[in-house]
Amino acid sequence: MKIYLATPVNGRKEKTLEQKMKAAWERIGEMQKYMMQRYPDAVFRCSFDIVGMVLDQPLTESEIMGKCVQMVMECDMIVLDDGWENSSGCTVERFVAMQYGKKVQTMNYFKMKDKIG
């Protein structure tokens, strides 16, 4: 199973882009650790995977989103982080996943499920 983890970047409360990127990167790590408990054999993808694809080339936001959409389409499920509703990128990723019949869940869903048992 391939799972795409989506967390806001620009919509974060941190002030600089560097701080936003660092916070988003840390959050992706937390999400992956949390989801690995539920899907230990899953392959996890996220927008930060693009950095490994194009280290030498600066990308525009539209190019980044295009690559994110491609990853969403190649995954079986997308997991949206808290605050996804305030993120243009997460909203696009969710829309694409829903249009292509991918399973769509939120971190809140998994947290509530854990509390209920």
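A crossing of two helices is called right-handed if the near helix is turned clockwise from the far one by less than a right angle, and left-handed if the near helix is turned anticlockwise. The legends below describe close-up views of a predicted model.

**View 1. Helices α3 and α4 pack against each other in a right-handed crossing.** The axes of α3 and α4 lie 9 Å apart, and the angle at which these two helices pack is about 35°. On the α3 side the contact is made by Met65, Cys68, Val69, Val72 and Met73, which meet Gly89, Val92, Glu93, Val96 and Ala97 on the α4 side. Sorted by class, the residues of this contact comprise eight nonpolar, one polar and one charged.

**View 2. Helices α1 and α5 meet in a left-handed crossing.** Helix α5 covers residues 107-116, and its axis comes within 12 Å of the axis of α1, the two crossing at roughly 40°. Angles under 35 degrees count as roughly parallel and those from 65 to 115 as roughly perpendicular, and α1 and α5 are therefore described as oblique to each other. From α1, the residues Arg27, Met31, Tyr34 and Met35 meet Met107, Phe110, Lys111 and Asp114 of α5. This contact of α1 with α5 holds five nonpolar and three charged residues, but no polar ones.

**View 3. The largest pocket of the model is lined by 30 residues.** How much space lies in the largest pocket? The volume computed for this pocket is about 650 Å³. Among the lining residues, Val9, Asn10, Met21, Ser47 and Ile64 lie nearest the centre of the pocket. Two or more lining residues come from each of the elements β1 (2-6), α1 (17-36), α2 (49-53), α3 (61-74) and α4 (88-99). When the lining is divided by class, 18 of its residues are nonpolar, 10 are polar and two are charged.

**View 4. Asn10 is placed in the loop between β1 and α1.** Leaving aside residues up to four places away in sequence, Asn10 touches Leu17, Lys20 and Glu61. Asn10 is also one of the residues that lie nearest the centre of the largest pocket. How far apart are Asn10 and Phe110 in sequence and in space? They are separated by 100 residues along the chain, and their C-alpha atoms are 24 Å apart.

**View 5. Glu14 lies in the loop between β1 and α1.** When residues up to four places away in sequence are not counted, the residues that Glu14 touches are Gln19, Lys20 and Ala23.

How values were computed. Residues are numbered from 1 along each chain as its sequence is written. This is a predicted model: local features need pLDDT of at least 70, side-chain atom pairs count only at pLDDT 80 or more; totals for chains, interfaces and linings use all residues. Side-chain values use heavy atoms; hydrogens and water are left out. On a 1 Å grid over the protein atoms alone, a cavity is a set of points where a 1.4 Å probe fits but cannot get out, and a pocket is an open set with protein on both sides within 12 Å along at least five of seven lines; lining residues have an atom within 4 Å of a point. Grid points are joined across faces, edges and corners, and a volume is the space filled by probe spheres set on the points. Helices (H or I, at least four residues) and strands (E, at least two) are DSSP runs, numbered from the N terminus. Ala, Val, Leu, Ile, Met, Phe, Trp, Tyr, Cys and Pro count as nonpolar, Asp, Glu, Lys and Arg as charged, and the others, Gly among them, as polar. Axes are lines fitted to C-alpha atoms, for helices over the stretch in contact, and angles run from 0 to 180 degrees between N-to-C directions. Angles under 35 degrees count as roughly parallel, over 145 as roughly antiparallel, 65 to 115 as roughly perpendicular and the rest as oblique. Contact means heavy atoms within 4.5 Å.
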